[in-house]
Number of protein chains: 4
Amino acid sequence: MEHFEDLVAAYRTLAEHGVIDAYGHVSVRSPSNPKRYFIARSLAPEKVQVEDIMEYDLDSTPLDAKGRDSVSERFIHGEIYKARPEVMSVVHNHSPSVIPFSVTGVTMKALWHMASFIGDGLPNFEIRDVRKGTDLLVRDAELGAALARVLGGSAATLMRGHGSVTVGENIARSVGRSIYLELSARMQMQAMLLGKDITWMDAAEVKANMPVQDYKRAWPLWREKALAKAKADRR
Amino acid sequence: MEHFEDLVAAYRTLAEHGVIDAYGHVSVRSPSNPKRYFIARSLAPEKVQVEDIMEYDLDSTPLDAKGRDSVSERFIHGEIYKARPEVMSVVHNHSPSVIPFSVTGVTMKALWHMASFIGDGLPNFEIRDVRKGTDLLVRDAELGAALARVLGGSAATLMRGHGSVTVGENIARSVGRSIYLELSARMQMQAMLLGKDITWMDAAEVKANMPVQDYKRAWPLWREKALAKAKADRR
Amino acid sequence: MEHFEDLVAAYRTLAEHGVIDAYGHVSVRSPSNPKRYFIARSLAPEKVQVEDIMEYDLDSTPLDAKGRDSVSERFIHGEIYKARPEVMSVVHNHSPSVIPFSVTGVTMKALWHMASFIGDGLPNFEIRDVRKGTDLLVRDAELGAALARVLGGSAATLMRGHGSVTVGENIARSVGRSIYLELSARMQMQAMLLGKDITWMDAAEVKANMPVQDYKRAWPLWREKALAKAKADRR
Amino acid sequence: MEHFEDLVAAYRTLAEHGVIDAYGHVSVRSPSNPKRYFIARSLAPEKVQVEDIMEYDLDSTPLDAKGRDSVSERFIHGEIYKARPEVMSVVHNHSPSVIPFSVTGVTMKALWHMASFIGDGLPNFEIRDVRKGTDLLVRDAELGAALARVLGGSAATLMRGHGSVTVGENIARSVGRSIYLELSARMQMQAMLLGKDITWMDAAEVKANMPVQDYKRAWPLWREKALAKAKADRR
């Protein structure tokens with residue numbers, strides 16, 4: 001059940017960092033069956049406990065709902081797991097400094113080593129390219145698949161007027177990338193205000209840094225603090 | 001007394017989110033008599049308890065003051081309840097990122113789905129259009145009625161050099177809208193700094209999103225935390 | 001000893017609001033002798049207790065030091081009390097959003113009702129007009145008197161590359177003005193980024209608002225929380 | 001062991017102020033042997049305890065690792081201690097407001113007295129001048145020595161797309177300088193947005209202020225709070 005605890009820790013860590021409000025979510029692919037994933041029921045992230053974790057197939061149908069409500073945007077997760085076999089964890093959030101990029105067409109680029117995964121630019125999902133007049137939510141497989149296509153091979157994608165998605169080969173990466181994407185957005189805004197010419201990380205630096213940038217010194221700390229809080233909340 | 005506890009939770013939630021300082025207030029229309037509303041006595045919001053809630057008629061005259069002081073700007077609430085029969089809750093605040101919009105004539109518009117209620121623009125109440133040389137406070141029914149006219153059918157209005165008002169069909173909406181209006185103001189500022197052309201939510205998206213944007217995953221969390229704090233404060 | 005507790009509460013409230021770091025200070029004029037004032041010894045504000053309060057004459061000479069170190073910039077306080085008989089409390093701080101105004105020659109003006117005391121502009125103390133090559137600190141009576149002259153009849157003055165001073169007819173006002181000056185500085189920056197034409201409070205509005213803007217709904221809350229913390233720190 | 005406790009306090013203080021995330025580090029030169037320095041093992045800063053402190057020679061070889069992992073960027077510390085005999089403490093961090101300066105070529109200058117150590121400008125280490133295609137980390141002595149050369153006689157240097165380093169004749173200074181460098185970066189950005197002409201501290205003011213700016217009123221407070229937390233964490 002370690003991956004259940006990882007997931008509880010991820011929800012609470014993202015809430016603690018202000019990356020997700022009451023509406024974000026994190027999932028992990030099942031370690032024993034690549035055709036399944038786990039995500040919490042519809043609930044404020046900072047309240048998630050192990051018993052709130054539900055299992056889904058890749059069409060995002062719950063396997064054993066037991067009366068629990070599914071989050072409406074679970075198709076983001078299922079469709080990305082279909083499209084990206086190496087991805088083991090997905091985060092969707094409304095991280096506030098990223099959203100202004102999503103509505104201005106300004107490309108986020110790798111500005112510092114902690115967010116080298118941004119590389120030479122992140123894509124931006126425009127839901128209107130798929131369907132007009134939506135409430136912006138990714139409520140079905142068609143929208144989820146379109147989002148996965150825009151994401152392509154990237155580590156993250158913005159979603160116009162909505163938020164962003166980060167993915168990783170493990171949960172430390174999907175969570176760490178969400179936290180540092182928010183920080184990188186603030187830095188890029190500030191850099192753009194300071195001067196016209198920004199020195200981005202070059203392709204060789206991104207290539208050298210990205211594989212080692214695993215947030216593994218941070219993750220055990222985040223996990224420990226979050227699970228201590230989850231335990232305290234039970235009392 | 002559930003609506004009294006809702007109100008206690010609303011005051012404390014707004015203070016916790018930094019949306020109201022010592023001077024904001026929240027009201028609910030009486031569920032049993034549409035000609036009455038409830039609001040706390042003049043007190044710092046983070047200290048409000050059930051016994052601080054007072055009842056008023058729509059002319060904002062207290063029904064049973066018991067020596068408690070009324071907030072001077074209660075006419076904001078009474079006059080809006082007169083003008084908008086469907087409104088069941090009103091928040092007035094000094095939410096800091098909204099005020100710069102109120103003094104520059106820059107229109108706030110719906111930039112992201114969590115604040116779709118902003119629609120194609122919020123009005124801005126200029127008190128000088130009604131009366132010159134005031135202290136900016138809405139201290140009587142005439143000013144309150146003028147504010148209600150500027151609000152019109154909108155979900156919120158700015159108040160020049162002062163703050164803003166949000167309304168809702170229930171308290172989760174008036175509170176949630178205040179919190180997300182503040183966030184939306186920050187995002188719009190950042191977007192305006194990043195680029196000239198902002199992709200706003202279009203009319204069809206606003207129409208689709210606004211009815212479902214009810215903050216109902218957030219409200220039970222906010223309420224529970226606030227009431228736990230209110231209870232702890234009694235000890 | 002109520003004014004001693006007021007002072008303890010003021011130090012801790014300003015630290016809690018991020019208005020003073022380890023280096024700000026607050027004083028009150030003695031209620032029994034207008035030629036005396038009280039201020040804490042050289043100590044981080046969030047640690048101040050009643051026994052850290054020292055008494056000074058208006059030349060800023062301690063009356064009964066008992067081996068306690070005086071803050072080097074106490075002359076700010078003494079010289080303002082000499083020049084402004086109605087002033088009963090003075091705050092000096094390094095409030096971070098105010099300092100950028102002090103080095104750019106941009107005048108802070110009254111933008112919202114909670115900071116109406118700013119009026120049609122705050123002065124800015126340039127220490128080089130009095131003495132060149134200082135460490136910027138107001139270390140003697142000559143510098144303090146020059147600062148008091150720049151302050152004139154205003155409720156606050158900026159200090160170039162250093163910070164600011166606020167004054168009041170009581171401690172609620174000097175403290176409240178420091179807190180809302182910081183907020184007003186942030187709002188003015190944001191308004192200036194949003195648009196060229198800012199609608200300031202007009203002279204009649206400032207005249208109407210300033211006398212009633214006494215921060216008296218906030219002060220008892222701040223005081224109670226700060227003194228509870230001071231008491232807890234003794235255990 | 002007082003310097004071990006100083007180091008524990010420094011790690012935790014920097015984390016508490018948001019100056020270091022999970023990846024920054026602080027060192028002190030050994031008080032008994034100038035050819036040695038102490039730094040914590042690879043660990044999140046807010047968890048550091050006395051037993052996590054390791055000793056290194058100036059080539060950054062651990063003397064008694066006992067199976068503990070060294071931080072990969074320790075060469076920053078060793079090479080600066082070689083080059084600057086008077087330096088007794090070094091901090092490396094990813095302080096977020098400083099990084100935008102590092103990628104825009106905008107020089108940080110002394111804007112206020114709490115950060116007078118910035119003087120007439122801080123250098124910026126461009127790792128590509130030494131080696132292309134790195135992951136930006138200072139992973140060996142050659143890179144560390146190059147960084148030390150760029151630092152020269154300054155109190156701090158930026159590192160392009162990465163962070164910064166501050167040094168001091170004691171730990172209060174290296175820590176205090178990191179905290180106030182972050183604040184100064186924010187203020188300089190704000191000042192640049194407010195106006196074109198910034199009044200910097202002049203050379204005589206820097207010369208007068210820098211020797212007295214020792215953060216000694218702040219350090220005992222920071223230390224006490226951090227060590228109380230370290231003690232509580234053991235329970």
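Reader: How many residues of chain A are in contact with chain B, and what counts as a contact?

Author: Contact means heavy atoms within 4.5 Å. By that rule, 34 residues of chain A are in contact with 30 residues of chain B. A word on the source: this is a predicted model, in which local features need pLDDT of at least 70 and side-chain atom pairs count only at pLDDT 80 or more, while totals for chains, interfaces and linings use all residues. Residues are numbered from 1 along each chain as its sequence is written, chains are lettered from A and ligands numbered from 1 in the order in which they are written, and side-chain values use heavy atoms, with hydrogens and water left out.

Reader: What area is buried between chain A and chain B?

Author: The size of an interface is often given as the accessible area lost when the parts come together. Buried area here is the accessible area (1.4 Å probe) that two parts lose on being put together, summed over both. For chain A and chain B the value is about 2600 Å², and carbon and sulfur atoms give 61% of that. On the side of chain A, the residues that lose the most area to chain B are Tyr23(A), Val103(A) and Arg128(A), together 22% of what that side buries.

Reader: How many salt bridges and polar contacts are there between these two chains?

Author: A salt bridge is a side-chain nitrogen of Lys or Arg within 4 Å of a carboxyl oxygen of Asp or Glu. The rule finds five across the interface of chain A and chain B. Look for Lys47(A) and Glu224(B), whose side chains meet in a salt bridge at 2.7 Å, N to O. A polar contact is a pair of N or O atoms within 3.5 Å; within protein, one must be able to donate a hydrogen and the other to accept it, and residues adjacent in sequence count only if both atoms are side-chain atoms. Between chain A and chain B, 13 residue pairs are in polar contact (both at pLDDT 80 or more).

Reader: Which helices of chain A supply residues to that side?

Author: Helices (H or I, at least four residues) and strands (E, at least two) are DSSP runs, numbered from the N terminus. Both α3 (99-102) and α5 (171-194) of chain A supply at least two residues each to the side that touches chain B. The residues of that side divide into 17 nonpolar, nine polar and eight charged. For those classes, Ala, Val, Leu, Ile, Met, Phe, Trp, Tyr, Cys and Pro count as nonpolar, Asp, Glu, Lys and Arg as charged, and the others, Gly among them, as polar.

Reader: What about chain C and chain D?

Author: Here 34 residues of chain C are in contact with 30 residues of chain D. The area buried between them is about 2600 Å², with 61% from carbon and sulfur atoms. In chain C, Tyr23(C), Val103(C) and Arg128(C) lose the most area to chain D, together 22% of what that side buries. Five salt bridges are found across this interface. One of the salt bridges joins Arg160(C) and Glu205(D), with the closest N and O atoms 2.7 Å apart.

Reader: How far apart are chain A and chain C, or chain B and chain D?

Author: No contact joins chain A and chain C, and their closest C-alpha atoms lie 11 Å apart. Chain B and chain D do not touch either, their nearest C-alpha atoms being 11 Å apart.

Reader: How many aromatic pairs does the structure hold?

Author: A pair of aromatic rings is described by the distance of the centres and the angle of the planes. Rings of Phe, Tyr and Trp (its six-membered ring) pair if their centres lie within 6.5 Å; planes under 30 degrees apart count as stacked, over 60 as edge-to-face and the rest as tilted. The structure holds 20 such pairs over all chains. Among them, Trp112(B) and Tyr180(B) form a tilted pair, 5.6 Å centre to centre with 55° between the planes. This pair links distant parts of the chain, 68 residues apart: Trp112(B) is in the loop between α3 (99-102) and β5 (124-125) of chain B, and Tyr180(B) is in helix α5 (residues 171-194) of chain B.

Reader: Is Trp112(B) buried or exposed?

Author: Buried means under 20% relative accessible area, exposed over 50%, partly exposed in between (1.4 Å probe, protein chains only). Trp112(B) counts as buried because its relative accessibility is 1%.

Reader: Which residues of helix α2 of chain D are buried?

Author: They are Phe75(D), Ile76(D), His77(D), Gly78(D), Glu79(D), Ile80(D) and Tyr81(D). Seven of the nine residues of this helix (residues 75-83) are buried, so α2 of chain D is largely enclosed by the rest of the structure.
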